[in-house]
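Subject: Structure for you to look at

Dear colleague,

I am passing on the structure we talked about, and below it you will find some notes to read alongside it. Please keep it open while you go through them.

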Amino acid sequence: MQANVVHVSELNKSFGSRQVLFDLSLNIERGEMVALIGSSGSGKSTLLRHLSGLTRGDGGARKKDSSHEDSSHVDVLGNSIQRGGRLHRSVRQYRSGIGYIFQQFNLVGRMSVMNNVLIGSLGRIPRWRGVCGLFSSAERQQALHALERVGMAEYAERRASTLSGGQQQRVAIARALTQRAEIILADEPVASLDPESARKVMELLSEINAQDKTTVLVSLHQVDYARRYCPRTVALKQGRIHYNGPTLSLDDAHLARIYGAETAAIGIHANEISASPDAGLQAAVLRTASRLA
Ligand SMILES: Nc1ncnc2c1ncn2[C@@H]1O[C@H](COP(=O)(O)OP(=O)(O)OP(=O)(O)O)[C@@H](O)[C@H]1O
Ligand SMILES: [Mg+2]
């Protein structure tokens with residue numbers, strides 16, 4: 001079993017003429033819980049999207065030496081998601097081991113909580129059963145168990161749209177459990193939540209990481225949460241890795257450089273709320289989900 005569940009090497013990304021990720025390399029070992037921080041626009045969501053193959057890196061042309069073949073690659077769970085800006089043809093299948101949690105719109109509002117969680121098992125069952133919404137009693141039992149773990153079993157038959165934001169995030173975590181995700185990519189999962197709900201969500205992620213050895217990469221706007229729950233922090237600044245190491249060693253001087261002196265002066269612990277939830281990733285999950293609705 002290979003130790004690195006995330007292996008990114010020399011990843012570049014441009015939107016039009018604007019480069020937003022620069023020669024980014026990153027390794028994450030199985031069982032780590034890593035915070036991804038950085039100011040708005042630093043590239044956190046873009047990096048997470050590359051890990052799931054929803055965005056392709058730049059092709060070979062960006063290398064200074066044009067005769068040198070592009071060696072950029074993104075491997076997750078030992079699978080090559082993309083290489084040289086080309087997605088692997090089995091990327092959809094590889095995604096089945098990757099759980100996603102977003103800032104909001106995690107669930108299909110018109111579906112029951114139970115059905116939202118059952119979506120997690122779609123990757124493991126025959127396609128026709130998923131399309132017809134036919135789940136076995138064992139699958140339902142697993143989904144219920146996942147809901148129990150996140151403290152949401154009593155809401156199983158409720159429409160997802162009637163839940164609070166924090167409850168929805170817990171159901172999204174139950175879905176990742178049902179999916180048996182080996183890695184959870186969480187893009188600002190607590191940015192829209194009140195402190196108590198945010199704490200519950202971070203504690204659940206931390207518990208799943210500790211008990212199930214699920215690797216967690218979580219982008220956060222609040223450095224406090226990184227400090228409390230994530231042994232390692234990766235900080236992006238303008239598309240480059242600015243810090244990659246123990247969260248405990250991340251001092252105010254680092255933070256001032258990551259976020260700029262102005263932010264440090266007003267206190268980086270302020271609840272910064274991102275205005276850019278990850279529409280692309282959400283859409284991908286909802287497309288899968290809508291087959292059931
Ligand atoms: N589809 C796109 N088309 C053009 N530019 C994009 C696209 N997606 C992201 N960008 C740009 O890439 C840069 C990085 O964006 P990204 O969303 O990854 O930042 P972020 O760190 O997640 O920010 P936030 O904390 O606000 O969520 C930004 O300048 C953004 O405008
Ligand atoms: Mg983002």
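Which residue in β11 is the bridge partner of V234? Please bear in mind that this is a predicted model. The partner of V234 in β11 is N244, and the two strands concerned, β10 (residues 232-237) and β11, pair in the antiparallel sense over 6 bridges.

These strands belong to an open sheet of 6 strands, which follow the order β7-β8-β9-β3-β10-β11 with mixed pairing. At its edges are β7 (98-101) and β11 (240-246), each of which pairs on one side only, and neighbouring strands are turned by 15° against each other on average, direction ignored.

Helix α1 packs on this sheet, where it touches β3 (33-37), β7, β8 (183-187), β9 (215-219) and β10, and its direction makes about 150° with that of β8. The helix, which spans residues 44-51, is mostly covered, since 7 of its 8 residues are buried, among them L47, L48 and L51. After α1 comes G53, with a positive phi near 75°. Helix α6 (residues 165-178) lies across β7 and β8 and runs at about 175° to β7.

Turning to the rings, the structure holds 2 aromatic pairs. One of them is the stacked pair of Y100 and F102, with 6.1 Å from centre to centre and 15° between the planes. Y100 counts as buried because its relative accessibility is 11%, under the cut-off of 20%, and F102 counts as buried at 1%. Finally, the charged end of R240 sits over the ring of F22, 4.0 Å from its centre, while K13 lies over the face of F15, at 5.0 Å from the ring centre.

Best wishes

Terms used: Residues are numbered from 1 along each chain as its sequence is written. Chains are lettered from A and ligands numbered from 1 in the order in which they are written. This is a predicted model: local features need pLDDT of at least 70, side-chain atom pairs count only at pLDDT 80 or more; totals for chains, interfaces and linings use all residues. Side-chain values use heavy atoms; hydrogens and water are left out. Buried means under 20% relative accessible area, exposed over 50%, partly exposed in between (1.4 Å probe, protein chains only). Helices (H or I, at least four residues) and strands (E, at least two) are DSSP runs, numbered from the N terminus. Rings of Phe, Tyr and Trp (its six-membered ring) pair if their centres lie within 6.5 Å; planes under 30 degrees apart count as stacked, over 60 as edge-to-face and the rest as tilted. A charge sits over a ring if NZ of Lys or CZ of Arg is within 6 Å of the ring centre and within 35 degrees of the ring normal. Two strands pair if DSSP finds at least two bridges between them. Axes are lines fitted to C-alpha atoms, for helices over the stretch in contact, and angles run from 0 to 180 degrees between N-to-C directions. Contact means heavy atoms within 4.5 Å.
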